[in-house]
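Let's take a friendly walk through a protein structure, one part at a time. Keep the picture open beside you as you read.

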Amino acid sequence: MKEPTIEFREVSHDFRVYSEGRMASLKEWLIRRIKRRKAELRRVVALDNVSFEVGQGQALGLIGHNGAGKSSLLRIAAGIIQPRAGTAVVRGLVAPILELGFGFEQELTGRENIVFNGALLGRSRQEMNERMEEIVSFAELSNFIDQPIRTYSTGMVSRLAFSIATAVDAQILLLDEVLSVGDERFQRKCAERIDHFRNNGVTILFVSHALPSVEMLCDKVIWLQEGRVQCEGETKHVIDEYHRSMSTG
Amino acid sequence: MSTMETPVLINSATTKFSSRREIRAVIENANLLLNLVRRDLTVRYKRSIIGFFWTMLNPLVLMIVLTIVFANIFRFEGVSHYEIYFLSGYLPYAFFIQSTTQSMTSLSWNGALMKRVRVPKTIFAISTVMSGFVNLCLAYIPLFAIMIVRGAPIRPTVLFLPVAFVIIATFTLGVSFLLSALAVYFDDVAQMYQAGSIALFYMTPVIYPIDIVPYEYIWLIRINPLTQIFKLARDPVYNGALPQIHIVVGSALLAIVSLAVGWFVFNRLSRGFYEHL
């Protein structure tokens with residue numbers, strides 16, 4: 001049997017937060033040092049003993065309230081943060097996490113941002129230029145691509161981000177609430193593309209509050225609650241459970 | 001690099017930090033590094049019509065102002081071609097201050113990027129220093145032009161400049177690592193550095209010749225490591241002399257120590273960046 005593309009084994013992670021907000025100033029730190037008073041650290045659990053597997057070409061949905069650990073899970077899968085315990089193994093090239101805000105350079109044009117984002121994944125200028133037309137036409141930005149990003153609307157930015165992320169031939173896509181922007185027609189277009197990717201073996205982790213999109217796209221769902229897996233399994237089943245817990249409060 | 005080959009493996013159990021791994025990651029991301037440099041340069045010059053020429057215009061304007069001020073108002077005795085004395089020290093000094101200052105903002109600006117994709121974190125300070133380096137080299141074009149116009153001799157000792165630049169850039173990179181890592185943790189580092197850099201500016205003979213410093217204060221200038229390091233770039237241009245070998249070796253050692261300390265501190269602190277950015 002083929003090895004799973006994403007494999008989490010008993011992954012736990014927590015953030016250390018200073019109890020009096022952030023340890024903001026060097027002065028303060030030095031004073032504490034001199035007084036030998038350590039700042040109090042508070043641990044905030046992000047993930048608690050989470051295990052799961054996602055096979056190639058599967059889409060896993062992640063649902064749960066804010067702060068349930070969904071974004072931390074994505075970041076561990078992307079190799080951005082190192083979990084404090086457990087092992088996360090990812091087999092394949094991970095596209096930059098797609099999320100609101102996107103991290104585009106405001107002063108650069110759409111075209112320059114496309115090249116720059118490609119470079120983040122090790123794609124050369126030439127490779128990105130070859131894909132330029134496809135990216136631009138999918139994002140429906142032909143008339144604006146040489147304008148700086150700061151002139152774009154939110155919808156335009158999200159279209160561009162989605163279009164780039166799906167054009168770099170990554171084997172793993174991590175999507176954080178991205179389908180909630182853009183008009184319905186574009187959302188449908190994205191959904192179609194995601195489907196197409198899955199059929200071509202691209203593995204997807206999909207974080208969303210929009211349960212209908214999750215239902216439409218995902219093979220399997222994990223419901224996270226305060227860092228723990230509350231419920232896991234077939235999409236419809238998990239979503240029903242989630243709904244039930246919401247209605248009973 | 002074609003598409004569906006060599007899967008990139010992320011295994012959190014085996015991806016503990018090591019310097020070797022970080023260096024390898026930076027090399028593998030050479031293309032990204034170039035793009036970061038290009039982005040720095042384009043963003044900086046994009047909105048000015050004269051574009052890249054701005055780098056060159058800047059020393060020209062400075063020279064005109066300084067010649068007026070220092071050749072006619074505050075006079076330093078025995079300094080011929082004051083504007084060249086000044087620029088040959090100021091350009092490398094400005095490179096140092098600008099790169100170190102920008103490395104701090106660059107890291108926090110790129111915070112969003114670091115949260116989206118796995119990149120070697122040292123790459124941001126490296127790219128800042130590299131783009132500063134490009135500006136430094138460009139700024140020497142008008143300096144040489146000024147020297148020709150003003151009739152100051154350009155001697156073959158200027159061929160030593162690349163060595164001086166490499167030493168200065170290495171030193172700058174070390175300081176950039178250190179400051180940018182600290183600035184992620186502490187808000188006041190950037191402000192403190194700004195104040196400190198003003199003190200540093202007057203403690204370094206950039207604007208005045210070292211001879212005018214009274215005897216009892218000269219130690220202040222001497223203990224300042226920047227004094228020697230910037231002399232490396234000034235001597236071959238202004239005096240037409242190669243710096244003495246012990247100054248070259250001393251500065252090179254200082255640069256290496258700076259890089260080693262900066263690298264160590266940066267990579268020690270970078271594990272916690274995510275929580276602070």
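## Before we start

A residue is called buried when its relative accessible area is under 20%, exposed when that value is over 50%, and partly exposed in between. Please keep in mind that the model you see is predicted.

## A covered strand in chain A

Let's begin with strand β3 of chain A, residues 59-63. How many of its residues are buried? The count is five of five, so this strand is mostly covered, given the cut-off of under 20% for a buried residue. In a regular strand, side chains alternate between the two faces of the sheet. You can follow this pattern here: A:A59, A:G61 and A:I63 point one way from β3(A), while A:L60 and A:L62 point the other way. Both sets are buried.

Now look at the strands beside it. Strands of a sheet pair through backbone hydrogen bonds, and the pairing may be parallel or antiparallel. β3(A) runs parallel to strand β7 of chain A (residues 203-207), and four bridges join the two. Within that pairing, A:A59 has A:I204 as its bridge partner. β3(A) also runs parallel to strand β8 of chain A (residues 220-225), again through four bridges. Here A:I63 is partnered by A:W223, and A:L60 stands opposite A:K220.

## The whole sheet

Where does β3 sit in the order of strands? The sheet is an open one of six strands in chain A, arranged β5-β6-β7-β3-β8-β9, and its pairing is mixed. At the edges stand β5 (98-99) and β9 (228-234) of chain A. Each of these has a single partner strand, so one side of each is left without a neighbour in the sheet.

## Salt bridges within the chains

Over all chains, the structure holds 19 salt bridges. One of them joins the side chains of A:D14 and A:R43, at 2.9 Å from N to O. This pair links distant parts of the chain: A:D14 belongs to strand β1 and A:R43 to strand β2 (residues 41-54) of chain A, 29 residues apart.

Another salt bridge brings together A:R193 and A:E134, at 3.0 Å from N to O. A:R193 lies in helix α6 (residues 184-199) and A:E134 in helix α4 of chain A, 59 residues apart, so distant parts of the chain are linked here too. A:R193 is buried, with a relative accessible area of 13%, while A:E134 is partly exposed at 41%. Chain A also has a network of salt bridges that links A:E3, A:E7, A:R9 and A:R91.

In chain B, you can find a salt bridge between B:K231 and B:D235, with the closest N and O atoms 3.3 Å apart. Both residues lie in helix α10 of chain B (residues 225-239), four residues apart, which is about one turn of the helix. B:K231 is partly exposed, with a relative accessible area of 31%. B:D235 counts as buried, at 9% relative accessibility.

## Where the two chains meet

The size of an interface is often given as the accessible area lost when the parts come together. Chain A and chain B bury about 4200 Å² between them, and 54% of that is on carbon and sulfur atoms. In the contact, 54 residues of chain A meet 42 residues of chain B. There is one salt bridge between the two chains, in which the side chains of A:E105 and B:R39 meet at 3.0 Å from N to O. Seven residue pairs are in polar contact between chain A and chain B, with both residues at pLDDT 80 or more.

Which elements of chain A give two or more residues to the side that touches chain B? They are β1 (6-18), α1 (26-35), α2 (70-77), β4 (85-91), α3 (110-120) and α4 (125-139). The residues on that side of chain A divide into 25 nonpolar, 12 polar and 17 charged.

## A closer look at A:R75

Our last stop is A:R75, found in helix α2 of chain A. At 5% relative accessibility, A:R75 counts as buried. A polar contact of 3.3 Å joins its side chain to that of B:Y274. Leaving aside residues up to four places away in sequence, A:R75 touches A:I80, A:I81, A:I97 and A:E99 in chain A, along with B:K115 and B:Y274 in chain B.

Methods:
Residues numbered from 1 in each chain as written. Chains lettered and ligands numbered in written order. Predicted model: local features only at pLDDT ≥ 70, side-chain atom pairs only at ≥ 80, totals over all residues. Heavy atoms only, no water. Contact = heavy atoms within 4.5 Å. Buried area = accessible area lost by both parts, 1.4 Å probe. Salt bridge = Lys/Arg side-chain N within 4 Å of Asp/Glu carboxyl O. Polar contact = N/O pair within 3.5 Å; in protein donor to acceptor, adjacent residues only side chain to side chain. Nonpolar A, V, L, I, M, F, W, Y, C, P; charged D, E, K, R; others polar. Buried < 20%, exposed > 50% of the residue type's maximum accessible area, 1.4 Å probe, protein only. Pairing = 2+ DSSP bridges.
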